[in-house]
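Subject: The two-chain model, and what I found in it

Hello,

Here is the structure I promised to pass on. Please open it in your viewer and keep it beside this message as you read.

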Amino acid sequence: MIKLFFQNQLDPTLSVKSSTFRYMIFNMFMHKDGDKVRIIRKYPKLIIYPYGYNWFHLVCLFSQDRVLLDEVINSKVPFILDSYGKTPLHYLIDLKDPSLINMVLSRFNEILDPEEDNFDLLQTFSDIFVPLIKMGVPGLKNFLLYFFVKPKVIEKEEMRLYVNIKDKKLKQIITDPKPLLRKEIYDRVLEKSQGDANIISIKCIATPLDYHPLSDDMHKIIDTLVGSDEADLLGTKVVENLIDYNWNHNKGFHITLGLFLTAYMVAFSFYATRPNALFGLEIPLIVLIGIYALFEMLKMISTGGISDYFADVWNFADIGMIVVHTATLIMTIINGRNQLLSAEGAGYDQTEVNGTIVLTPSTSTQSKLDAINWLMAFSVFFGYVKWFSYFRIFDSTSKSFVNSKRKVTFIF
Amino acid sequence: MTVFGFSLVFIQFDIDGATIGSWSRYLMVVYGLTYSDFNADAVELQGGQLVFIVILTILLSLILFNMLVAIMGESFEKVQENAVVSESKERIVLIKQALAVKRLVEKTCCSRRKRKREQMSNEEKRSFLFVAEEAGVDEDADKENKEWEGRLQIIKKGIKTNEENMKIALSSFEVKLQKDLDDLKGDANGLETNIRKLEGRIARVETILNRNADPSDAASSFMYTEA
């Protein structure tokens, strides 16, 4: 009874009665352990109606046994949808057992024939695609190969010839609610070539996801990928394109920040070299650095605490820059650097050398000036380090080596 | 070593110490000269010394340049090994930062818009991602990648695929062995029953033969064996 009760928890959407009934069916066919393997081997194509379950579903739902799952895959039990529109993987993901999921995913090429058109089946994965990626099992790489496929083509609609990708780009990524290759898609992606046409391939990710740039789906995927160390996973076409898509949508954010910082650094550089001429620039500068500090605080809160924030080494440069700049600007405002520098100030000693009056800064003035000069030097240094880090956002400078004929090799 | 050696060469032209002085002074002069503090007038180099300083500078720059190339080549290879991964990892971190800030701002400032989006059904929200690429890019890139990829990486990959292949081969071999073993067991069982049957028959034949030894039952036993 306890076992029955436990099994009922597996699929809370269905009534207890029907779930119990299905469990009984499963056990009716397989009462002894040895029998199970034998029966699966003998009748691999058995389907139980009205549920539409085959052995694959039953094993994933009720058995969760490695040996049985292995036998199901070996006996080529078809991977199909049941009457509820779910595949065995849908049931397996609820169990949250990474080893079983890894087993199915890593042997996915035995389960589904890559040559066949699996598009309709893969479309049903939209609910579990993100949880599967979140699992982060090694078999994912094998599984994701299925998801980068050619979309369906409407009859008589052929690939356009003498075309190029829009805006002379190497790659164009768009979203569309229908997985059909049709005129609108061509219009959005392609343009007529000016004589340098290439063969263009248009492929799509075979499962619909919420591609709004701020959606939970994207957030979860990126969050998982940040923690992932699987080089092979990052190399798969699906993940690569997901990263590219998200990058296209978030690039603007970093470019705006970069421009803001550039403007600030230009102003600061002018101020650092000519403090007398640019008297009064401290106030707007301190306002700008205040805004930047606020933004960094926001970043710290949103990335989830201090430890996560300092996981990125560049954030040290951020904090260093903000602290030193604020200190410098406050110091100059309090002491008045221009006053310290102008010889008419009070902090100068007058001495007479060979009949002419020479002004030399008194010891206190000199020490203040020294302190400000040191701070100023560090400010400029940290500012430029931070400014330098913004080169990460451009394609040509972010790559240590760009592997394409059109681009230039750049060691950075 | 170069500085030391050349200072000895230089002092040969000024062995009496008239122009510059002792050997320790020359050591400093050559040190200054090699690090581009080249001011022949200031130290008043003589003809022979000038020839040697030209040789020194050419030699030194060649050696240093070669060293630079060697060091750069090595680190280049190291970087190249992980170029794709480290680049996309960097991207992901940047995307995460931007996403996190944007989501926080949306949550606090534009909660209405967010709610509106959340109320939409999955069918409305979900869409497909289309990627248009030049078809030839992939294969070319792969070829070039292979050329440039660090040697070590290629070996690593080779070992990895080999390992995977071995694993698959081993597991299939295991399955095959298991099957054969099952078959053999079945066969053995069959043989055993057959042997038992035969034993029974032999026993029966033996009893009949024993009976045959008794002449009174000869006729009946003969009939039995016939049947």
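Predicted model: local features only at pLDDT ≥ 70, side-chain atom pairs only at ≥ 80, totals over all residues.

Let me begin where two helices from the two chains meet.

With 22 residues at 1.5 Å a residue, α16(A) should span 32 Å, and its end C-alpha atoms are 31 Å apart, which agrees. Its buried residues are E282(A), L285(A), I289(A), Y292(A), S302(A) and T303(A). Those buried residues pack against α15, α17 (306-309) and α18 (314-335) of chain A, together with α5 of chain B. Just after α16(A) comes G304(A), with a positive phi of about 100°.

Now the whole interface. How many residues of chain A are in contact with chain B? There are 60 of them, and they touch 42 residues of chain B. Several elements of chain A each supply at least two residues to that side, among them β6 (171-176), α12 (183-189), β9 (200-205), α13 (216-227) and α16. The most comes from α15(A), with 9 residues. By class, the side of chain A that touches chain B divides into 32 nonpolar, 18 polar and 10 charged residues.

The chains also meet through strands. β9(A) pairs with β1(B) in the antiparallel sense over 5 bridges, and within that pairing C204(A) has F130(B) as its bridge partner. Strand β10(A) is joined to β1(B) (residues 126-134) as well, by 2 bridges and again antiparallel. There, L209(A) stands opposite S127(B). Within chain A, β9(A) pairs with strand β3 (residues 148-149), antiparallel over 2 bridges, and F148(A) stands opposite I205(A). Is β9(A) largely enclosed or open? Of its 6 residues, 5 are buried, so β9(A) is largely enclosed by the rest of the structure.

I101(A) lies in helix α7 (residues 98-106). A residue needs 20 or more other C-beta atoms within 10 Å to be buried, and I101(A), with 23 such neighbours, counts as buried. Leaving out residues up to four places away in sequence, I101(A) touches L92(A), I93(A), M135(A) and V137(A). The C-alpha atoms of I101(A) and C60(A) are separated by 9.9 Å, although the two are 41 residues apart along the chain. I255(A), found in helix α15, is partly exposed, with 13 other C-beta atoms within 10 Å. From I255(A) to Y390(A) is 135 residues in sequence and 8.2 Å in space, C-alpha to C-alpha.

One further helix in chain A is α20 (residues 363-389). Its 27 residues should span 39 Å at 1.5 Å a residue, and the end C-alpha atoms of α20(A) are 39 Å apart, which agrees. Buried in α20(A) are I372(A), M376(A), S379(A), F382(A), G383(A) and K386(A).

Finally, each chain as a whole:

- Chain A has 21 helices and 12 strands. Of its 412 residues, 26% count as buried. Among its contacts with a separation of 6 or more, 70% are between residues 24 or more positions apart.
- Chain B has 10 helices and 1 strand, in the order α-α-α-α-α-α-α-β-α-α-α from the N terminus. Of its 227 residues, 15% are buried. Residues 24 or more positions apart account for 48% of its contacts with a separation of 6 or more.

Key: Residues numbered from 1 in each chain as written. Chains lettered and ligands numbered in written order. Helix = DSSP H or I, 4+ residues; strand = E, 2+ residues; numbered from the N terminus. Expected span 1.5 Å × (residues − 1). Buried ≥ 20, exposed ≤ 12 C-beta atoms within 10 Å, placed from the backbone. Contact = placed C-beta atoms within 7 Å. Nonpolar A, V, L, I, M, F, W, Y, C, P; charged D, E, K, R; others polar. Pairing = 2+ DSSP bridges.
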